[in-house]
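Work through the exercises below with the sequence and the 3D structure open. Try each task before reading its solution.

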Amino acid sequence: MKKHSLKEWVLATRPWSFPASSMPVLVTLAWLWACGFPVNGWLGLWALVNIIFVHAAGNVWSDIADYRSGVDAKDTFGVRLLVDGEFTVSEFRHLSIILNIIAVAGGLTLVALTGWQLLVIGVIGILLSLCYPSLKYVALGDVVIIFCYSILPMTGTSFIASGVIHWDVLWLAVPVGLITVAILHANNVRDIETDHRAGIHTFPLLTGRRFGAWLYAFEVIFPFLWLLGLMAFGVEPWWLLTAFVALPVAIGNARTILAYEQGGQASYADLDEKTAKLQLLFSVLLILGLVISRIV
């Protein structure tokens with residue numbers, strides 16, 4: 001059995017995707033602070049670390065399912081550690097179990113420090129994470145992503161850090177969640193042929209690549225229009241215009257996938273990673289706007 005370095009174990013969790021889970025937590029903490037609510041920074045940091053462990057465990061678990069079902073193969077894009085024999089299924093299984101144990105232990109401790117409401121949120125999140133591969137194969141992956149990387153972490157973080165679930169934070173769950181869904185969508189649009197061969201049904205496979213490409217474009221552009229609406233109606237401060245610095249990146253990503261007929265699959269093979277970077281940029285700029293709105 002090949003001995004792996006710590007770096008290789010970390011890379012097996014797909015760390016490039018972690019903005020999808022970490023940014024909702026950080027945006028929520030910034031929103032709470034900007035609104036003047038009391039914020040327990042240490043518990044907020046704990047929530048951030050814990051959701052990354054949940055995300056990492058889910059990534060590894062999903063890669064095992066994709067490999068076993070034939071979704072990941074020699075001629076597919078994306079994660080190739082199992083396909084190329086760099087890791088064994090047994091190693092991935094053990095890694096997923098260890099990450100889940102750490103995440104559950106951390107989550108239960110947070111429940112003890114906060115309240116039973118967090119247990120409900122956590123159990124739903126863990127179950128959805130474990131069931132994600134099966135749900136993704138029947139075109140329900142987008143729904144899971146919205147809950148696991150938008151609604152649940154943002155409501156959960158508001159409860160952990162302030163002791164109360166502030167439902168108004170979900171106004172920002174829409175733009176943050178849509179860009180996260182776009183990460184999955186970019187992957188699924190790219191892999192329509194190989195997913196069909198594997199016998200699974202993703203949403204882009206059911207609707208076709210053209211509709212899938214336009215839906216991706218909507219998912220990365222509409223968040224900016226949503227923010228404009230929130231600011232225009234006084235729901236959020238105008239300082240959130242800082243997020244619009246990321247608009248050219250979103251437009252560039254949309255143009256890339258809409259030009260799929262000219263460029264082919266290879267032209268947007270890494271669009272999922274680019275979308276994760278867009279999520280990071282958009283959310284950091286959103287946080288900056290929230291911070292400025294409190295200071296000014």
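Predicted model: local features only at pLDDT ≥ 70, side-chain atom pairs only at ≥ 80, totals over all residues.

**Exercise 1. Describe the surroundings of Pro-24.**

Solution. Begin with the element: Pro-24 is part of helix 2. Its relative accessibility is 0%, so Pro-24 counts as buried. Next, list the contacts, leaving aside neighbours within four places in sequence: Pro-24 is in contact with Pro-19, Tyr-149, Pro-153, Met-154 and Val-176.

**Exercise 2. Describe Phe-92 and Asn-100 in helix 4 (residues 89–113).**

Solution. Take Phe-92 to start with. Phe-92 is located in helix 4 and is buried, with a relative accessible area of 0%. Not counting residues up to four places away in sequence, Phe-92 touches Ala-12, Val-60, Asp-63, Ile-64, Leu-81, Leu-82 and Phe-87. From Phe-92 to Trp-61 the separation is 31 residues in sequence and 7.5 Å in space, C-alpha to C-alpha.

Now take Asn-100, which is in helix 4 (residues 89–113). Asn-100 is buried, with a relative accessible area of 16%. With residues up to four places away in sequence not counted, Asn-100 touches Ala-57, Ile-126 and Leu-130.

**Exercise 3. How do helix 10 and helix 11 (residues 247–258) pack, and which residues make the contact?**

Solution. Start with the geometry: the axes of helix 10 and helix 11 are 9 Å apart, and the packing angle is about 170°. Angles over 145 degrees count as roughly antiparallel. Helix 10 and helix 11 are therefore roughly antiparallel to each other.

Then list the residues. Helix 10 contributes Ala-213, Trp-214, Tyr-216, Ala-217, Val-220, Ile-221 and Phe-224. Helix 11 contributes Leu-247, Ala-250, Ile-251, Asn-253, Ala-254, Ile-257 and Leu-258. Sorted by class, the contact of helix 10 with helix 11 has 13 nonpolar residues, one polar and no charged.

Gly-252 is also found in helix 11. Its relative accessible area is 31%, so Gly-252 is partly exposed. Gly-252 and Ala-217 are 35 residues apart in sequence and 9.7 Å apart in space, C-alpha to C-alpha.

**Exercise 4. Carry out the analysis for helix 10 and helix 13.**

Solution. The axes of helix 10 and helix 13 come within 12 Å and cross at roughly 5°. That makes helix 10 roughly parallel to helix 13. On the helix 10 side of the contact are Tyr-216, Val-220, Pro-223, Phe-224 and Leu-227. These meet Leu-271, Thr-275, Leu-278, Phe-282 and Leu-286 in helix 13. The contact of helix 10 with helix 13 divides into nine nonpolar residues, one polar and no charged.

**Exercise 5. How many aromatic pairs does a search of the whole structure find? Describe the pair of Phe-224 and Phe-282.**

Solution. The search finds nine aromatic pairs. The rings of Phe-224 and Phe-282 lie 5.3 Å apart, centre to centre, with 85° between the planes. Planes over 60 degrees apart count as edge-to-face, and the pair of Phe-224 and Phe-282 is edge-to-face. Phe-224 lies in helix 10 (residues 209–232) and Phe-282 in helix 13 (residues 271–295), so the pair ties together parts that are 58 residues apart in sequence. Phe-224 counts as buried at 1% relative accessibility, and Phe-282 counts as buried at 0%.

Two further items involve aromatic rings. Trp-171, Phe-218, Phe-222 and Trp-226 form one aromatic cluster. The charged end of Arg-294 sits over the ring of Trp-33, 4.7 Å from the ring centre.

Conventions: Residues numbered from 1 in each chain as written. Heavy atoms only, no water. Phe/Tyr/Trp six-rings, centres within 6.5 Å; stacked < 30°, edge-to-face > 60°. Helix = DSSP H or I, 4+ residues; strand = E, 2+ residues; numbered from the N terminus. Buried < 20%, exposed > 50% of the residue type's maximum accessible area, 1.4 Å probe, protein only. Lys NZ or Arg CZ within 6 Å of the ring centre and 35° of its normal. Axes fitted to C-alpha atoms, helices over the stretch in contact; angles between N-to-C directions. Parallel < 35°, antiparallel > 145°, perpendicular 65-115°, else oblique. Contact = heavy atoms within 4.5 Å. Nonpolar A, V, L, I, M, F, W, Y, C, P; charged D, E, K, R; others polar.
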